[in-house]
Amino acid sequence: MSESQKVLIADSSKLARRLTEKLVKKIRPYTDVITVETVEQAITKLQDNRVDLIISALRLSDDDGTKICQYVRENLHYLPVIIVSGDVDSRVQERIMSSDVTDYIDKAAGQKGLEIFLRGLLRPDDQINGKILYIEDSAVVAHATKKLLQNHNLDITHTLSVTDAKAIIPTKDSAYDGFELVLTDYYLKNNETALEILDFVRNDLGLDKIEMPFVIMTGDENTENQKQILNLGANDLIGKPVNQEALVKKIKFQIRFTQFHREKSKNK
């Protein structure tokens with residue numbers, strides 16, 4: 001059975017926590033929901049649990065909700081952090097809102113507005129399809145991985161090297177229009193590594209973690225090295241040998257949020 005999605009809800013109001021939890025489970029009945037009322041409690045839960053989405057009030061009883069975002073960005077894989085608040089708009093206009101926050105919704109939108117927002121973000125995995133640029137120099141591994149992902153309605157463009165990948169996405173528009181995720185092995189032939197394509201997409205093309213997510217496969221179990229890869233712009237890592245179910249889950253999760261963000265940006 002697939003691991004259920006985990007959502008962390010942080011709000012000082014018991015009623016608000018209960019309403020948001022009810023809403024999340026209405027959209028995805030089998031979601032595991034963790035509720036907390038302080039920043040300290042949130043960070044403790046994040047240390048003990050792998051969470052897929054955070055929904056937080058802007059102000060919690062012990063500190064600002066953006067402190068949760070800062071912790072996530074510094075210590076964990078990439079995941080959406082949604083801030084729900086009545087005064088978010090003013091803080092955005094005054095450029096006070098931290099860039100660590102991936103999205104926000106104004107409380108003035110009410111529960112129905114929040115439901116519409118979350119429904120777009122939390123739609124079931126079986127409704128997710130997307131276009132992936134896949135870099136892998138082993139023909140055997142590539143064949144098995146492509147077959148796995150294609151069985152999950154994902155469109156795969158496979159290339160053997162970073163050099164070939166750069167030729168496929170020479171411009172920002174060609175990357176953005178052509179793909180919704182990059183999946184790559186860390187070590188490739190001819191001394192290439194995933195960091196080269198990561199640097200190209202993040203710095204040369206200017207596409208951030210929301211616009212073009214990266215999932216990197218690595219056999220390096222050193223946590224400091226893993227943290228460095230995430231700090232350089234990867235959204236998530238998956239260890240080798242690769243667990244197929246975990247790979248599909250990670251990819252669909254990242255594509256889901258990217259598609260949601262792109263659709264939201266298009267409709268502004």
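Which helix gives the largest share of the lining of the second largest cavity? Hold that thought, everyone, and I'll come back to it.

A word on the model first. This is a predicted model, where local features need pLDDT of at least 70 and side-chain atom pairs count only at pLDDT 80 or more, while totals for chains, interfaces and linings use all residues. Residues are numbered from 1 along each chain as its sequence is written, and side-chain values use heavy atoms, with hydrogens and water left out.

Now, the cavities. Searching the whole structure turns up 2 cavities of 30 Å³ or more. By cavity I mean a set of points, on a 1 Å grid over the protein atoms alone, where a 1.4 Å probe fits but cannot get out; lining residues have an atom within 4 Å of a point. Volume here is the space filled by probe spheres set on the points.

The largest cavity holds about 70 Å³. Its lining includes Val-72, Arg-73, Glu-74, Lys-227 and Leu-230. Two helices, H3 (66-75) and H10 (223-231), each supply at least two lining residues, and H3 has the largest share, with 4. Helices, by the way, are DSSP runs of H or I with at least four residues, and strands are runs of E with at least two, numbered from the N terminus. By class, this lining has 4 nonpolar, 3 polar and 4 charged residues. Asp, Glu, Lys and Arg count as charged; Ala, Val, Leu, Ile, Met, Phe, Trp, Tyr, Cys and Pro as nonpolar; and the others as polar.

Back to my opening question: the answer is helix H11 (residues 244-266), with 3 residues. That second largest cavity is about 30 Å³, and among its lining residues are Phe-253, Arg-256 and Phe-257.

Let's move to Arg-17, in helix H1 (residues 14-27). Arg-17 is buried without a salt bridge, and Glu-37, the nearest side chain of opposite charge, is 4.3 Å away. Buried means under 20% relative accessible area, exposed over 50%, and partly exposed in between, with a 1.4 Å probe and protein chains only. A salt bridge needs a side-chain nitrogen of Lys or Arg within 4 Å of a carboxyl oxygen of Asp or Glu. The Arg-17 side chain does reach the backbone oxygen of Asp-11, at 2.7 Å.

Last stop: Asp-62, in the loop between strand S3 (53-57) and H3. Its relative accessibility is 38%, so Asp-62 counts as partly exposed. Thanks, everyone!

Definitions and conventions. On a 1 Å grid over the protein atoms alone, a cavity is a set of points where a 1.4 Å probe fits but cannot get out, and a pocket is an open set with protein on both sides within 12 Å along at least five of seven lines; lining residues have an atom within 4 Å of a point. Lys and Arg count as positive and Asp and Glu as negative; His and the chain ends are not counted. A polar contact is a pair of N or O atoms within 3.5 Å; within protein, one must be able to donate a hydrogen and the other to accept it, and residues adjacent in sequence count only if both atoms are side-chain atoms.
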